[in-house]
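Please keep the sequence and the structure in view while reading.

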Amino acid sequence: MQTIRQQIISLLKKREMNAREISKALGIQEKEVYDHLEHIRHSIRPQKKKLMIYPFHCLTCDYIFKDRKRLSRPGRCPKCKQGHIEAATFKIV
Ligand SMILES: [Zn+2]
């Protein structure tokens with residue numbers, strides 16, 4: 001039996017996914033996915049693996065959240081103040 005984190009790692013080694021897709025695949029909350037990803041980001045380092053992050057972006061003005069430190073979903077865009085944010089996707093390479 002794999003832990004949730006191991007399952008997330010094996011999913012993300014196969015393909016690029018966003019947090020909602022991961023939460024549906026594993027039957028957990030989207031918020032939990034971000035917590036696990038924060039942990040995975042550090043835990044895979046000794047294996048010479050890297051969590052690639054394709055950042056959130058604003059669907060209204062195309063602002064890209066590329067300097068965002070946290071992995072979780074931003075509430076609104078700092079540039080245009082709208083809340084139409086396209087999900088970040090993740091992959092392990
Ligand atoms: Zn915007």
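This is a predicted model: local features need pLDDT of at least 70, side-chain atom pairs count only at pLDDT 80 or more; totals for chains, interfaces and linings use all residues.

Helix α1 lies across strands β1 and β5, and runs at about 90° to β5.

**The chain as a whole**

- The secondary structure of the protein chain consists of 3 helices and 5 strands.
- Along the sequence, these elements follow the pattern α-β-α-α-β-β-β-β.
- The C-alpha trace spans about 45 × 30 × 20 Å along its principal axes.
- A compact globule of 93 residues would have a radius of gyration near 12 Å, and the 14 Å of the protein chain agrees with this.
- Buried residues account for 18% of the 93 residues.
- Of the contacts between residues at least 6 apart in sequence, 53% join residues that are at least 24 apart.

**The sheet**

- Strands of a sheet pair through backbone hydrogen bonds, in either a parallel or an antiparallel manner.
- In this model, an open sheet of 3 strands has the order β1-β5-β2, and its pairing is antiparallel.
- Strands β1 (17–18) and β2 stand at the edges with a single partner strand each, so one side of each has no neighbour in the sheet.
- The antiparallel pair of β1 and β5 is formed over 2 bridges, and Asn 18 stands opposite Thr 89 in β5.
- Strands β2 and β5 also run antiparallel and are joined by 4 bridges; here Tyr 54 has Thr 89 of β5 as its bridge partner.
- Which residues lie on the covered face of β5, and which on the uncovered one? Phe 90 and Ile 92 form the covered face, whereas Thr 89 and Lys 91 form the uncovered face.

**Helix α3**

- Helix α3 comprises residues 30–43, which is 14 residues in total. From its first C-alpha to its last it reaches 20 Å, close to the 20 Å expected at 1.5 Å a residue.
- Which residues of α3 are buried? They are Val 33, His 36, Leu 37 and Ile 40.
- An α-helix has 3.6 residues a turn, so residues three or four places apart point the same way.
- The buried residues of α3 pack against the helices α1 (4–14) and α2 (19–26) and against the strands β2 (51–54) and β5 (89–92).
- On the face turned away from the buried side, α3 carries the exposed residues Lys 31, His 39 and His 42.

**His 36, a residue of α3**

- His 36 is found in helix α3. This residue counts as buried because 22 other C-beta atoms lie within 10 Å, and the cut-off for a buried residue is 20 or more.
- Apart from its neighbours within four places in sequence, His 36 is in contact with Ile 4, Arg 5 and Ile 8.
- How far apart are His 36 and Gly 83 in sequence and in space? They are separated by 47 residues in sequence and by 24 Å from C-alpha to C-alpha.

Notes
Residues are numbered from 1 along each chain as its sequence is written. The expected span of a helix is 1.5 Å times one less than its number of residues. A residue is buried if 20 or more other C-beta atoms lie within 10 Å of its own, exposed if 12 or fewer, and partly exposed in between; C-beta atoms are placed from the backbone. Two residues are in contact if their C-beta atoms, placed from the backbone, lie within 7 Å. Two strands pair if DSSP finds at least two bridges between them. Axes are lines fitted to C-alpha atoms, for helices over the stretch in contact, and angles run from 0 to 180 degrees between N-to-C directions. The radius of gyration is taken over C-alpha atoms; the globule rule is 2.2 Å times the number of residues to the power 0.38.
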